[in-house]
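Have the structure open while you read.

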Amino acid sequence: MTYSREELINALCAEYDYLCHDDFNPDVDPTLDEYMESIKHYTYRQLVEETCTDETYTLEEFMERWM
């Protein structure tokens with residue numbers, strides 16, 4: 001299945017928000033808005049790479065979890 005850039009960005013931001021919720025360090029971690037700003041300029045391929053998916057943990061599984 002193919003996902004839009006917007007869908008990938010939204011899913012990545014949802015994952016980032018979840019991961020930083022209890023462990024956010026303002027001295028080193030970008031805010032959610034800063035993270036979104038940084039990845040919105042990524043190419044489609046870079047966005048997919050940012051998901052850290054592969055044959056074991058597929059992009060479809062990532063998107064099901066974070067969309």
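1. R45 counts as exposed, at 63% relative accessibility; the cut-offs here are under 20% relative accessible area for buried, over 50% for exposed and partly exposed in between, with a 1.4 Å probe and protein chains only. Its salt-bridge partner is E49, and the closest N and O atoms of the two are 3.4 Å apart. A salt bridge here means a side-chain nitrogen of Lys or Arg within 4 Å of a carboxyl oxygen of Asp or Glu. E49 is exposed too, at 51% relative accessibility. Both residues sit in helix α3, four residues apart, which is about one turn of the helix.

2. A word on what you are looking at. This is a predicted model, where local features need pLDDT of at least 70, side-chain atom pairs count only at pLDDT 80 or more, and totals for chains, interfaces and linings use all residues. Residues are numbered from 1 along each chain as its sequence is written, and side-chain values use heavy atoms, with hydrogens and water left out.

3. How many salt bridges does the structure hold? There are two.

4. Now the overall fold. The protein chain has four helices and zero strands, so read as DSSP runs numbered from the N terminus (helices are H or I, at least four residues; strands are E, at least two). From the N terminus on, the order is simply α-α-α-α. The C-alpha trace spans about 35 × 25 × 15 Å along its principal axes. For 67 residues, a compact globule would have a radius of gyration near 11 Å, and the 12 Å of the protein chain agrees with that. That radius is taken over C-alpha atoms, and the globule rule is 2.2 Å times the number of residues to the power 0.38.

5. The accessible surface of the protein chain comes to about 5,000 Å², and 50% of it belongs to carbon and sulfur atoms; the areas come from the Shrake-Rupley method with a 1.4 Å probe, and for residues only the protein chains shown count as cover. Take the contacts (heavy atoms within 4.5 Å) between residues at least 6 apart in sequence: 63% of them join residues at least 24 apart.

6. Have a look at Y3, in the segment before α1. Is Y3 buried or exposed? Y3 counts as buried, at 9% relative accessibility. Not counting residues up to four places away in sequence, Y3 touches L8, Y44, L59, E60, M63 and M67. Y3 and V48 are 45 residues apart in sequence, yet 9.6 Å apart in space, C-alpha to C-alpha.

7. T51 is another one to click on. T51 lies in the loop between α3 (44-50) and α4 (59-66), and is buried, with a relative accessible area of 3%. Leaving aside its neighbours within four places in sequence, T51 is in contact with L8, L12, L59 and F62.

8. Next, the aromatics. Rings of Phe, Tyr and Trp (its six-membered ring) pair if their centres lie within 6.5 Å, with planes under 30 degrees apart called stacked, over 60 edge-to-face and the rest tilted. The count comes to three aromatic pairs. One of them is stacked, because the rings of Y16 and Y35 have their centres 4.3 Å apart and their planes at 10°. This pair links distant parts of the chain, with Y16 in helix α1 (residues 5-21) and Y35 in helix α2 (residues 32-39), 19 residues apart. Y16 is buried at 13% relative accessibility, and Y35 is buried at 9%. Among the three there is also Y57 with F62, whose ring centres are 6.4 Å apart and whose planes stand at 75°, so that pair is edge-to-face. Y57 is partly exposed at 30% relative accessibility, whereas F62 is buried at 0%.

9. Last, the cysteines. Searching the whole structure gives zero disulfides, a disulfide being a pair of cysteine sulfur atoms within 2.5 Å.
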